[in-house]
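Try each task before you read its solution.

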Amino acid sequence: KPEEAGLLYERATKLDSFAYRAQLAHGKMLVAQQRYSKAVERLSEAEKLQSSPELKRYLEAVKRLAEAL
């Protein structure tokens, strides 16, 4: 269930060793649910923790989707 997954991701973000992966996975799940504004929040947090060119491009694409709606 997406709601349960979201809660588990939230918990995992509090653990330093899982924070990046949890933020990224939660963001991707939100994109799949077309909840782009929330996804931008999670992906931005992931990007702060561990930046990469691929994540920057993905985040920018999701931001454009969020703005388009």
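**Exercise 1: the surroundings of Glu47**

Leaving aside neighbours within four places in sequence, which residues is Glu47 in contact with? Keep in mind that this is a predicted model.

*Solution.* Start with the contacts: Glu47 touches Leu55, Lys56 and Leu59. Then look at the charged partner: Glu47 and Lys56 form a salt bridge, with their closest N and O atoms 3.0 Å apart.

**Exercise 2: burial of the pair**

Decide whether Glu47 is buried or exposed.

*Solution.* Buried means under 20% relative accessible area. Glu47 has 16%, so Glu47 counts as buried.

**Exercise 3: the largest pocket**

Find which helix gives the largest share of the lining of the largest pocket.

*Solution.* The largest pocket has a volume of about 170 Å³. Helices α1 (2-13), α2 (19-32) and α3 each supply at least two lining residues. The largest share, five residues, comes from α1. Sorted by class, the lining has four nonpolar, three polar and five charged residues.

**Exercise 4: a bridge between helices**

Glu10 and Arg42 are among the residues lining this pocket. How far apart are their closest N and O atoms in the salt bridge?

*Solution.* The closest N and O atoms of Arg42 and Glu10 are 2.6 Å apart. This pair links distant parts of the chain, with Arg42 in α3 and Glu10 in α1, 32 residues apart.

Methods:
Residues are numbered from 1 along each chain as its sequence is written. This is a predicted model: local features need pLDDT of at least 70, side-chain atom pairs count only at pLDDT 80 or more; totals for chains, interfaces and linings use all residues. Side-chain values use heavy atoms; hydrogens and water are left out. Buried means under 20% relative accessible area, exposed over 50%, partly exposed in between (1.4 Å probe, protein chains only). Contact means heavy atoms within 4.5 Å. On a 1 Å grid over the protein atoms alone, a cavity is a set of points where a 1.4 Å probe fits but cannot get out, and a pocket is an open set with protein on both sides within 12 Å along at least five of seven lines; lining residues have an atom within 4 Å of a point. Grid points are joined across faces, edges and corners, and a volume is the space filled by probe spheres set on the points. Helices (H or I, at least four residues) and strands (E, at least two) are DSSP runs, numbered from the N terminus. Ala, Val, Leu, Ile, Met, Phe, Trp, Tyr, Cys and Pro count as nonpolar, Asp, Glu, Lys and Arg as charged, and the others, Gly among them, as polar. A salt bridge is a side-chain nitrogen of Lys or Arg within 4 Å of a carboxyl oxygen of Asp or Glu.
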